[in-house]
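User: I've got this model open on my screen and would like to talk it through. Can you walk me around it?

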Amino acid sequence: MEVRNSHSLVRVDTPDREELFHQAVEIASGKLKDTLFSVNSFLVVTHVDADGIAAAGIFAKMLEEHRKFFLIRSILSLDTSFLEEIKTLPYDAIAFLDLGSAMIPEIEEILPDKPVFVLDHHASRGSPKHVVEVNPYRSGFDGDKWISGAAVTYLTIRSLISNPYRLAPLAIVGALGDLQDRPINKLQGMNRKIAKEAALKGYLKICEGIVVFGWARRPVEKAVACMFSPYVPGISGDETAASNLLIRIGIRLVDDSGRPRRPADLSPVEQQVLARALAEKIASMSGQPVDESAFFGENYVITEENPQDPTYDAREFSSLLNACGKGGRSDIGIAIALGDRGRSLEEAYRLMEQHRQRIASALSLITNQGLSRQISPHLYVIDAGNLIDERLISSVVSILATSGLYPKDSIVVGLAEYKYRDQVLVKVSARYVSAPGKMVQPKLHLGRLLGEIAEAVGGVGGGHGVAAGASFDSGHKQKFIELVRQRIETALA
Ligand code: C5P
Ligand code: ZN
């Protein structure tokens, strides 16, 4: 059957749940439209990662078209003190993007008298009364893979803006930033439908083949050296090693006219040879066989972008936004999501390269200082103290969890300390371990687990089944680790 939403060209496979979701989107769009008639200004609160920044770009485009004043605040996580702080700000309405669902009761209580929209894909708490929420979990979908926060935002605003399809690539950038294409390197669920629709409208090209970072643009040795997922020990972060590997397996770095070859230029046979060499490299480090298919999937090219820019390849675009957020410059990321190029793009590119360098250093630090410790049969803890920036810990833990270095079915938890006002807080990132290219069937929901344990130590936490985060006062670190250990071993015994 056809979805009723007038902008949708796609067919529905599970009508009940999907129709329910589209109804929620339509209701929220209607209320947003009414709100736009009656207010002058919006406060937009978003998550400081690529998905959140892409979501903010989409929402801000819509606000620009409606000539509204707005301020965007990007934050690591939402807590009651932040809600108290924004309560006093003079904005007529508030939109929480890519976050907020876990704090519905607190939002209802602290912000009772303004129009509030929560467009999120993280697990929800409570039931909204005056808050207008769109969240896939409310319709029975898993927000982990099915839809990004930017895509929820895109669907909600697209009937309120002219030519909405031009913003669809940002929804895809958000999904890729949240690794929703993993482990098969292909988007699924509603993300996939949005991608196909954007391709049909000419805003996106979906290209099957080997998936390496900077597929459409970077010289092949640079692209291979930039690969962090899967993390290829001895190659990731080392361009000379990547060049040597390519030469050894007979892949030419330049074409007949001396121009650098890009991964997109490799023949199917060359792609296969490269994937085999990378798989062998991982297997030789971890002792576990790696399927070559882990390196294949779909590349997403944004047709309106300049092919020389990092915004051309949607994966690189998301990495760019992520680096802006993690580098404390989400303003630059938002400017780019809003269409700014030139100086902003140069600065973002610099941040991205710096970010990748810092990640490579953090990975070496963990290895060289033996920071990763097995605490119990299924739990590995990386207690980085203040040696690793709290904004880097999630990327580092994500890379390690897919590196093949930990046994499957275990969980890696990274902790980094940071100062916030007068307090020392701990930022936690937890990931289910998965073999490169393999889907995880989590036996416990990490997001709920961290949410409950963080609450027990006076902090906040949440997230998805296989990837979650938390933060709390550093005085409770040992108690937190012990609670995580107990809960994980009970659930996985
Ligand atoms: O911070 P990190 O990337 O490790 O978080 C993993 C997932 O958990 C993200 O989707 C993030 O939005 C979510 N999260 C959350 N609440 C927190 C911290 C993280 O929902 N307090
Ligand atoms: Zn997200």
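User: Which domains does the domain assignment give for the protein chain?

Analyst: Keep in mind that this is a predicted model. The assignment begins with domain 1 at 16-180 and goes on to domain 2 at 211-357. The remaining one is domain 3, at 369-492.

User: How many residues of domain 3 are in contact with domain 1?

Analyst: The C-alpha centres of domain 1 and domain 3 are 27 Å apart. On the domain 1 side, eight residues take part, and they split into three nonpolar, three polar and two charged. On the domain 3 side, the number is twelve.

User: Are helices α6 and α11 roughly parallel or roughly perpendicular to each other?

Analyst: α6 covers residues 168-177 and α11 covers residues 314-326, and their axes sit 8 Å apart. The packing angle is about 70 degrees. Angles of 65 to 115 degrees count as roughly perpendicular, so α6 and α11 are roughly perpendicular.

User: How many residues in the contact of α6 with α11 are nonpolar?

Analyst: α6 brings P169, I172, V173, L176 and G177. From α11 come A314, R315, F317, S318, L321 and N322. Of these, one is charged and three are polar, and the nonpolar count is seven.

User: What is the bridge partner of V460 in β13?

Analyst: Strands β12 (residues 460-463) and β13 (residues 467-473) run antiparallel and are joined by four bridges. Together β12 and β13 make a hairpin, with three residues between them. In β13, V460 is partnered by S471.

Terms used. Residues numbered from 1 in each chain as written. Chains lettered and ligands numbered in written order. Predicted model: local features only at pLDDT ≥ 70, side-chain atom pairs only at ≥ 80, totals over all residues. Domains from an automatic or database assignment. Contact = placed C-beta atoms within 7 Å. Nonpolar A, V, L, I, M, F, W, Y, C, P; charged D, E, K, R; others polar. Axes fitted to C-alpha atoms, helices over the stretch in contact; angles between N-to-C directions. Helix = DSSP H or I, 4+ residues; strand = E, 2+ residues; numbered from the N terminus. Parallel < 35°, antiparallel > 145°, perpendicular 65-115°, else oblique. Pairing = 2+ DSSP bridges.
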